Amino acid sequence: MLTNNGFPSMSNLGTTIDFSPTLVNRIAQAPSILFLTGAGVSAESGVATFRAADGLWSKFRPEELANVDAFLANPQMVWEWYQSRREVVLNARPNAGHYAMAAFEGVIPETTVITQNIDGLHQEAGSRDVVELHGNIRKNFCQGCGKRYDDVDFLTEQLVQQCGDCGGMIRPDVVWFGELLPQQAIARAEFLARKAHVIFSVGTSSLVWPAAGIPLIGLEAGAYIVEVNPDPTPLTNHAHESIRGTSGDVLPRLLERVVGS
Ligand code: OAD
């Protein structure tokens, strides 16, 4: 029997989900597993997703807020929008899905999270190996010279700040439309995808590349692909299994099932 190395028991979970024996065996025997996550995993923490009917991109225009031209044209407006998102993130706590992914490390030591989220909730839940593809809203850098400003003081600063070195505008460390992903992060994500035995795609619409390609790289390399999402996505037809449910509901039950196998 596998043990969960002292992570809290997740019994009392109510009705069961019939996970396939193939999935349970695959995980139990996997030397490494990978979670690719998107905004849906933070939905149960109160952080809005992007493409839901009431999601962020239904209320705000990405081209006016999440790109460098918008920032250079109106840095204060873009800064304020990110400060309001920071406020949400700073008040959010990880949910049962984040904790379950972290607890999988106690079962499969080589467990990695590749996330499109910028909220830092995986790390707060205890995940030790998190690859951030789209940056982290808690950090900053200078648009002019690239100097890092990860100082926590800026998190509640309402006025856009200027760089002490070059006078450039300081911006949140998030990837904007039209920008390249951090090279090291995407290279490591692709490496991990080729190596993982089971890849979970959790809470992402699988519409934004290159993140959407990570499970497909794994598929080609022989990984077992599992989607966890209340709704179908373009990945659904490529996945070995699609589990319809929320990450906060499905993942703790799956962990418990694997630990009990
Ligand atoms: P989306 O808003 O596109 O998709 C969220 C997905 O989560 C949808 O497929 C939902 O069905 C699913 N979902 C909602 N609640 C869930 C829950 N509780 N459990 C599991 N799944 C749930 O968000 P992303 O796919 O993350 O990029 O979007 C990708 C990128 O698009 C973001 O990183 C962001 C955005 O533009 C940048 O800002 C660079």
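## The cavity

S32, I33, L34, E110, T112, L192, K195 and A196 line the largest cavity. A cavity here is a set of points, on a 1 Å grid over the protein atoms alone, where a 1.4 Å probe fits but cannot get out. Lining residues have an atom within 4 Å of a point. The elements giving two or more residues to this lining are β1 (32–37), β2 (110–115) and α9 (183–195). Strand β1 supplies the largest share, three residues. Helices (H or I, at least four residues) and strands (E, at least two) are DSSP runs, numbered from the N terminus.

The largest cavity has a volume of about 50 Å³. Volume means the space filled by probe spheres set on the grid points, which are joined across faces, edges and corners. The count comes to one cavity of 30 Å³ or more. Its lining divides into four nonpolar, two polar and two charged residues. Nonpolar covers Ala, Val, Leu, Ile, Met, Phe, Trp, Tyr, Cys and Pro; charged covers Asp, Glu, Lys and Arg; the others, Gly among them, are polar.

## Basis of the model

This is a predicted model: local features need pLDDT of at least 70, side-chain atom pairs count only at pLDDT 80 or more, and totals for chains, interfaces and linings use all residues. Residues are numbered from 1 along each chain as its sequence is written, and side-chain values use heavy atoms, with hydrogens and water left out.

## The largest pocket

About 950 Å³ of space lies in the largest pocket. A pocket is an open set of points with protein on both sides within 12 Å along at least five of seven lines. The lining holds 44 residues; closest to the pocket centre are G38, A39, F50, R51 and S205. Helices α2 (40–43) and α6 (75–91) are the elements that give two or more residues to this lining. By class, the lining has 22 nonpolar, 16 polar and six charged residues.

## The ligand

The ligand sits in the largest pocket. That means more than half of its atoms lie within 2 Å of the pocket's grid points. Around the ligand are 22 residues, the closest being A39, F50, R51, S205 and N229.

Polar contacts are pairs of N or O atoms within 3.5 Å. A backbone N or O atom of F50 lies 2.7 Å from a ligand oxygen atom. For a backbone N or O atom of Q116, the distance to a ligand oxygen atom is 3.3 Å. H134 uses its side chain: an N or O atom there is 2.8 Å from an oxygen atom of the ligand. On its own, the ligand has 800 Å² of accessible area, and the protein covers 89% of it. Accessible areas come from the Shrake-Rupley method with a 1.4 Å probe.

## The second largest pocket

The second largest pocket holds about 170 Å³ of space. Its lining is F141, R171, D173, V174, V175, E179, L180, L181 and P182. Strand β5 (residues 170–174) gives the most, with three residues. The lining has six nonpolar, no polar and three charged residues.

## Backbone exceptions

Most residues other than glycine have a negative phi, and most peptide bonds are trans. S206 has a positive phi of about 55° although it is not a glycine. The peptide bond from W209 to P210 is cis, with omega near 5°. P210 lies in the loop between β6 (198–202) and α10 (214–220). S206 is placed in the loop between β6 and α10.

Key: Near = heavy atom within 4 Å. Polar contact = N/O pair within 3.5 Å; in protein donor to acceptor, adjacent residues only side chain to side chain.
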